[in-house]
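Here's a quick briefing on a single chain, grouped by topic. Have a look at the model first, then read on.

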Amino acid sequence: MAAPPPGYFRPGHVRRESRGLVPRGSKMAAPMLSALRRPGWGLRGVGRARASGPHRRDISFKLDERTAHSSLDLSKKDTGVIYRMLGIDPTKVPQNPERFREWAVVLGDAAVSSGQHYWEVTVKRSQQFRIGVADVDISREGCIGHDDHSWVFAYSHRRWYAMLANETTPISNIGNPERVGLLLDYEGRKLSLVDVAKQVFIHTLATEFQGPVVPAFALWDGELLTHSGLDVPKNLQDS
């Protein structure tokens, strides 16, 4: 399904601490992921993180196939995701409650409830995607960025945006990098988009986490490849 028209989102109040309209994605995604809040929804790698300081942990995760919409194929040992225009017949995939049935979303399999965590995403031939974090029990009937249970950076129509509760804030001076970083500071209530080459913050979202969160991705073309298990860059620690 095609991503929604530009202009669908309203500019919003997202705190900017550094230096476009995100389409209402091709519906394609749905359920929920949470052994932490909902019985029967186990996370394969909850807490799979390496302690390396009083407030730091280096998260290592894979993409959870149980959450992936039928238009998404996982690759690279479940560290990459590819969008398929036709996708898989929804009746041919397990109808488990964790799976997104309306929007093209997939979640990571490791939950975070403390510390600083850093991972990177390589963008391959994609012009419409969203990356960020979401509550483990985010509704599988919506899309990340549509409510206050997810915190997202979106790329669409050659522009970047910060998204929260279906409101968007344009991000300038970033262009179309092939690889970006995400730094999650749970206690600091911040999620930052990072320039990998310069190791500086591009934009920071103020957050209000209510519980454990997981890496989250939405995709309407091309491919995304995740890189986790990385140390938080020294010059970004406790920033």
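Of the chain's 239 residues, 57% count as buried (buried means under 20% relative accessible area, exposed over 50%, partly exposed in between, with a 1.4 Å probe and protein chains only). This is a predicted model, so to speak of local features takes a pLDDT of at least 70, side-chain atom pairs count only at pLDDT 80 or more, and totals for chains, interfaces and linings use all residues. Residues are numbered from 1 along each chain as its sequence is written, and side-chain values use heavy atoms, with hydrogens and water left out.

**Overall make-up**
- The chain has 16 strands and zero helices (both are DSSP runs numbered from the N terminus: helices are H or I with at least four residues, strands are E with at least two).
- Its accessible surface is about 10100 Å², and carbon and sulfur atoms hold 50% of that (Shrake-Rupley method, 1.4 Å probe; for residues, only the protein chains shown count as cover).

**Cores**
- The largest nonpolar core has 56 residues, and Ile131, Phe153, Trp160 and Leu193 touch the most other members (a nonpolar core is a set of buried Ala, Val, Leu, Ile, Met, Phe, Trp, Tyr and Cys residues joined through side-chain atoms within 4.5 Å).
- Strand E15 (residues 213-219) gives this core its largest share, six residues.
- There's also a second, separate core of five residues, including Tyr118, Val194, Val232 and Leu236.
- Leucine 193 touches Ile131, Phe153 and Trp160, among others, when residues up to four places away in sequence are not counted (contact means heavy atoms within 4.5 Å).
- The other residues that leucine 193 touches include Ile171, Val180, Leu182 and Phe201.

- Strand E9 (residues 150-156) is mostly covered, with seven of its seven residues buried.
- In a regular strand, side chains alternate between the two faces of the sheet.
- In E9 both faces are covered: Ser150, Val152, Ala154 and Ser156 are buried on one side, and Trp151, Phe153 and Tyr155 on the other.
- Strand E8 (residues 128-135) runs antiparallel to E9, joined by seven bridges (two strands pair if DSSP finds at least two bridges between them).
- Strand E10 (residues 159-164) also runs antiparallel to E9, with five bridges.
- Valine 152 is the bridge partner of glycine 132 in E9, and methionine 163 is the bridge partner of valine 152 in E10.
- E9 and E10 make a hairpin with two residues between them, and histidine 157 in the turn has a positive phi of about 55°.

**Aromatic pairs**
- The whole structure holds seven aromatic pairs (rings of Phe, Tyr and Trp, the last by its six-membered ring, pair if their centres lie within 6.5 Å; planes under 30 degrees apart count as stacked, over 60 as edge-to-face and the rest as tilted).
- Tryptophan 151 and phenylalanine 209 pair edge-to-face, at 4.9 Å centre to centre with 75° between the planes.
- That pair links distant parts of the chain, 58 residues apart: tryptophan 151 sits in E9, phenylalanine 209 in the loop between strand E14 (200-206) and E15.
- Tryptophan 151 is buried at 2% relative accessibility, and phenylalanine 209 is buried at 10% relative accessible area.
- Phe61, Trp119 and Phe217 form one aromatic cluster.

**Leucine 72**
- Leucine 72 lies in strand E4 (residues 72-75) and counts as buried because its relative accessible area is 5%.
- Its C-alpha atom is 4.8 Å from that of tyrosine 83, 11 residues apart along the chain.
- Leaving aside neighbours within four places in sequence, leucine 72 contacts Val81, Ile82, Tyr83, Ala104, Val105, Val106 and Leu219.
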